[in-house]
Amino acid sequence: MRSFLISGFLASGMAILGGVASAQDSTTQQPLGEEYCVYEKLTSTLDYEIIAEAYLFGDDDDADMLATLKKAADACAAEHGMSEDQKSAASEVGIYGATADYLAEELMMVGVSQDAVDGLFGVIEEMSDQDLDVLFEEDWRKNEAMSGRLKAAVIAHGIPGDADSVDLATQVVELSAFAMDAVIGYALAEAGDGAS
């Protein structure tokens with residue numbers, strides 16, 4: 001399984017989020033930071049599909065999803081000595097990243113190019129702070145001005161203008177922003193642990 005979230009972050013220069021991940025570019029092939037451990041474990045197998053489908057259907061209590069996530073998170077915690085807060089943040093990175101990858105694959109299955117999909121991760125970089133704040137609101141799609149700008153941005157990055165493709169693409173952007181926020185949460189948890 002190719003990790004679209006990470007390749008997209010690398011392509012857009014966003015892999016150094018929050019100062020946690022190692023500074024890297026697409027040619028260095030350095031290992032990702034531990035905050036991506038759960039994500040990497042999920043996307044190295046088909047486990048990411050279990051996570052993504054439960055998330056997309058809003059089934060937070062899905063037994064298979066919970067067991068799959070716990071297995072990956074427990075393994076990462078053991079490998080990296082994560083605190084509970086770090087484990088939680090890494091699990092969020094895993095959930096959002098796995099789901100973004102799942103939707104990115106759906107876009108590619110309907111003929112959207114890999115370059116266009118990778119380009120979606122640069123959309124976040126281009127968004128204003130105000131629009132990013134709106135993206136974290138539950139009903140952001142009702143904000144016609146912001147959602148209009150986001151739709152225009154994904155189309156400008158090569159996504160076809162049909163409603164289904166645009167909807168999938170805006171979900172990828174939303175999930176990528178959530179994943180970035182979780183990476184920052186991991187950094188804060190790590191800093192908090194270091195201060196105690």
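Which residues of H4 are buried? In this predicted model, the buried residues of H4 are Met65, Thr68, Leu69, Ala72, Ala73, Cys76 and Ala77. Because they cover an arc of only 160° around the axis, they lie on the same side of H4. Their packing partners are H2, H3 and H5. On the face of H4 turned away from this buried side, the exposed residues are Ala63, Asp64, Lys70, Lys71 and Ala78.

At 1.5 Å a residue, its 18 residues should span 26 Å, and the end C-alpha atoms are 25 Å apart, so the two values agree. The N-terminal end of H4 is capped by Asp62, with a side-chain oxygen 3.2 Å from the backbone nitrogen of Asp64. Just after H4, a positive phi of about 65° is found at Gly81.

The largest nonpolar core comprises 52 residues, and those with the most contacts inside it are Leu107, Leu135, Leu150, Val154 and Val173. Two or more residues are given to this core by each of helices H2 (37-43), H3 (47-56), H4 (63-80), H5 (84-109), H6 (114-126), H7 (129-135), H8 (144-156) and H9 (163-195). The most come from H9, which gives eleven residues. With neighbours within four places in sequence left aside, Leu107 is in contact with Val112, Val117, Leu120, Ile159, Ser165, Leu168, Ala169 and Val172.

Note on methods:
Residues are numbered from 1 along each chain as its sequence is written. This is a predicted model: local features need pLDDT of at least 70, side-chain atom pairs count only at pLDDT 80 or more; totals for chains, interfaces and linings use all residues. Side-chain values use heavy atoms; hydrogens and water are left out. A nonpolar core is a set of buried Ala, Val, Leu, Ile, Met, Phe, Trp, Tyr and Cys residues joined through side-chain atoms within 4.5 Å. Buried means under 20% relative accessible area, exposed over 50%, partly exposed in between (1.4 Å probe, protein chains only). Helices (H or I, at least four residues) and strands (E, at least two) are DSSP runs, numbered from the N terminus. Contact means heavy atoms within 4.5 Å. The expected span of a helix is 1.5 Å times one less than its number of residues. The arc is that of the directions from the helix axis to the C-beta atoms. A polar contact is a pair of N or O atoms within 3.5 Å; within protein, one must be able to donate a hydrogen and the other to accept it, and residues adjacent in sequence count only if both atoms are side-chain atoms.
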